[in-house]
Amino acid sequence: MIRILLSVLLIASLYLLTAATENTTRFGSLYLWLLLLNGVVLVILCGLIIHNLWRLLRSLRANQAGSRLTARLMGLFVVMAVLPGLVVYGFSMQFLQRGVDSWFDVRVENALDGALELSQASLDQRMQDMLRRLQDAAEVLVDSEDEMIPLTLGDLRARTAASELTLLGGNGRIIAASSVDTEDILPHRPEESILLQLRQGRPYVALDPIENAGLHIRALVVVPTPASPQSARVLQGLFPVSPRVDALATEVEAAFTEYRALSYLRGPLKDSFTLTLSLVLLLSLLFAVWSAFYLARRLVAPVSRLAKGTEAMAAGEYGTQLPPGGNDELGFLVRSFNDMSRRVAEVRNAAERSQELVEAQRTYLETVLGRLSSGVLALAPDGSLRTFNEAASGILSVPLDQGVGSPLTSLAAQYPDIEPFAALVSRQLQSGASEWREEVTLDTAEGRRTLICSGAALPSGPAGDGDVIVFDDVTTLIQAQRDAAWGEVARRLAHEIRNPLTPIQLSAERLQHKIGAALDGSQADLLKRSTDTIIHQVEAMKEMVQAFSDYARPPALHLQSVDLNALIREGVELYRGQSGQPKFTLELADDLTSLEADPGRLRQLLNNLLQNALEATQGQPDCQIELRTRNGEGRYADMLELHVQDNGPGLDEAVIEQLFEPYVTTKPRGSGLGLAIVKKIIEEHNGTISARNTDTGARITVRLPLRMKT
Amino acid sequence: MAFTTLACAKINRWAVLQRFMLGCVVWALAGTALSSGDFRVDNIVPRFEAELLSMDAQLTYRLSEKADQALTNGLPLEIQQTLQVQRKRKWWFNAAVVTQQRHYRIQFHALSRRYVLTRLETGASRSFRDRQALLSALGRIEGWPVMRESAVQALGPIQLRLTTKLVRDALPRVLRMAAWLDADWQLRGGPLVKEVQP
């Protein structure tokens, strides 16, 4: 908009300036203002060009896209505009100088001078005639009475054909006058130089151009005064020139004056034309230069945008859209670029959506695997661990993240507990079986664990083939099945055996009572020993049946807050001073959290464990039992840990898997229910128990939850 | 001869602004060049006569070399005399009450070899044998009627402000540009201010 306005203003201003230079009456008076206006436009254009140059230089220094092309086009446009303009200007100036000079000719000038001189010569003769007439009239006035002078002047004016006769005093004061023009009452007083000339005795005659009245001849002569020679008077006469002569003389004078004025104005006229032409050229050139900036930028703009768009595409900004160009080839190029960019962006978006979908599926799979209670391992074709879930680390009790990228056998070297598992997997992989299932037992810090493992080869795909191993810890399940079986056995034993025991016992007592008195000494003793044996064995069987009954009966827990350390100290006190003098070492955590449990059942648990340890260390010269408590850590953070370590011969590896089952004992006098009851109490409290051999003996680890889950 | 022009008392601000801007431009371009000519207002003598305030004044006109050369080559020159009656105001510029102007044209008549002085408002003209006589006559003002004595009484103390200048706008157009830029054409005299008590 500003460009259009400035363009219109410039064109209008140049037109008016040209019109004013041609001396039209309409714009001539505005010439100076137009010059000022064009000067202002000139300054504005210079400012705009400097601003554009500065912008171009800045973009060149910044190496902006399209700046070099703009500069090149700009230079081309400027050369194309300036060179022809300068050539036209040079020729115009030459024509101007010669054209103005050609208006003036020496011959014309001489002719005008001659015409003027001729006119003057012609009028000189007439002036002398008029002077003589006036002198004659002055002679008449010499003898005139003062009172008669006005009348005499009137007569003389008519006689001499003067338009005005005036009689002046010696000091130039008007004495009397007579004129044909009654409106102009007061005649002009002669100049002092003329009066001085008259005083010197020389008459004065000259032409006198009078505005709106034409040429006149003004003559002045002295009127002698015989009576007073010192106060001579002056007679002034004004004689009109004949109209024909006046017209001719005026024409000659006008032509001469006009030619002379034109000749004088020749220099300023050239300067004026030169100034106008230079200003027009300068403004046109500056406007062309300024327009060249605009055109170059407009032409280069689509190319610059294309370059920027290409850079953006290269930088990964797919989908970059350029503003639409025109209908020319550049516009076609822009449209093609936009189509290409849009398609690339669509492809990129489709790829991103696919990737997001894969990521979502991967996340979903990881979530599912993470929630699975079964352990899952993904192995690469070379047997190295690729991924795993949380349950796998928990079941194997090893930080599997340390083994990612390496075979399980390498991890087994650091953690020997999983050696059987690693060996099983390695063996199955080597066998090349596509699917397999096998059970394996691990001896971990938490005790022996039985895992059901199954494996399958993964199908080939982008992620590569390999194998997936799924395994479950079935230790608890097996144990539960055993516990259930043993509970059923115990319940049946209690039920089937308890019923006949009382009749047997009563029968034996009656037999001893009824028959013992009738028998003599040796037979009576025999009977008594036999019946006593029966009674004692029945009592023993009753106790055993009661024990089985207690084992099979579901508990009724009385939960309350329990300080496990206090229970341990209390239980240990009961065994101090017993045979064998066991040495108790207590490492009880000071900050042990109290737990929610049945204190009576926990006392029984501690009693059985200590009793078991004492029995295991019987016969040892230095019987030592170590009890240690601590707050659980890691995945056992919500549990308490109790370790009972003895320095006995350790557990028999053959029975260690069935150690907590009823009737499993390695002691000659053990009932086989001590550790089974311990395990039952632990399970009643939702805890875990495990046993393993150490370098110094056997160690039983109990974990009890801080709070019972309802 | 009604040559008295009554001007509006209100100052034409736009005209003042134009003159100021043009003056700045001319001053900037002309630099410190000094004119060889000289116009002066030497004296103002106000007098009350027949219930009329009149003014006599003496001015000096000396043409610059370029102006003289232009006159000799037949170019007419226009000279303006401006008389302004101002009423004094406190804390503000004086208010122009009356502005009167006289325009004269001086020209060399080649045929008669005389210099012609013409009063443009009336067309009355006089010719002089030499230029100096013309300029002397031009500089001698006698009995310039200003305003009625009763009007002066009503206004209170007034000031007569007389200026004169060569009218450059009356020059031929091709010479006008140079006249604006050349100090030899910056011919002006006054102002001379004379206070008049009623």
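Me: Let's begin with a side chain: which side chain does Gln80(B) make a polar contact with?

Reply: A polar contact is a pair of N or O atoms within 3.5 Å; within protein, one must be able to donate a hydrogen and the other to accept it, and residues adjacent in sequence count only if both atoms are side-chain atoms. Here the side chain of Gln80(B) makes one with the side chain of Thr82(B), at 2.9 Å. Before we go on, this is a predicted model: local features need pLDDT of at least 70, side-chain atom pairs count only at pLDDT 80 or more, and totals for chains, interfaces and linings use all residues. Residues are numbered from 1 along each chain as its sequence is written, chains are lettered from A and ligands numbered from 1 in the order in which they are written, and side-chain values use heavy atoms, with hydrogens and water left out.

Me: Is Gln80(B) buried or exposed?

Reply: Buried means under 20% relative accessible area, exposed over 50%, and partly exposed in between (1.4 Å probe, protein chains only). Gln80(B) has 10% relative accessibility, so it counts as buried. Its place is in strand β3 (residues 77–87) of chain B; helices (H or I, at least four residues) and strands (E, at least two) are DSSP runs, numbered from the N terminus. Contact means heavy atoms within 4.5 Å, and, leaving aside neighbours within four places in sequence, the residues in contact with Gln80(B) include Gln101(B), His103(B) and Thr163(B).

Me: How do I read a sheet, and what is the strand order in the one with β1, β2 and β7 of chain B?

Reply: Two strands pair if DSSP finds at least two bridges between them. This open sheet has 3 strands in the order β1-β2-β7 (chain B), with antiparallel pairing. Its edge strands, each pairing on one side only, are β1 (38–49) and β7 (140–148) of chain B. Between β1(B) and β2 (residues 52–62) of chain B there are 11 bridges; Phe39(B), for example, has Tyr61(B) as its bridge partner. These two strands form a hairpin with 2 residues between them, and Ala50(B) in the turn has a positive phi of about 55°.

Me: Which residues of helix α3 (residues 131–139) of chain B are buried?

Reply: An α-helix has 3.6 residues a turn, so residues three or four places apart point the same way. In α3(B) the buried residues are Ala133(B), Leu134(B), Leu135(B), Ala137(B), Leu138(B) and Gly139(B). They pack against strands including β2, β3 and β7 of chain B.

Me: How many residues are in the largest nonpolar core?

Reply: A nonpolar core is a set of buried Ala, Val, Leu, Ile, Met, Phe, Trp, Tyr and Cys residues joined through side-chain atoms within 4.5 Å. The largest one has 86 residues, and among those with the most contacts inside it are Leu235(A), Leu77(B) and Trp185(B). Helix α4 (residues 106–142) of chain A gives the largest share, 11 residues. Domain 1 (2–103 + 265–308) and domain 2 (126–262) of chain A both give residues to this core, so it lies between them; domain bounds come from an automatic or database domain assignment. Apart from this core lies another, of 45 residues, with Val562(A) and Leu588(A) among them.
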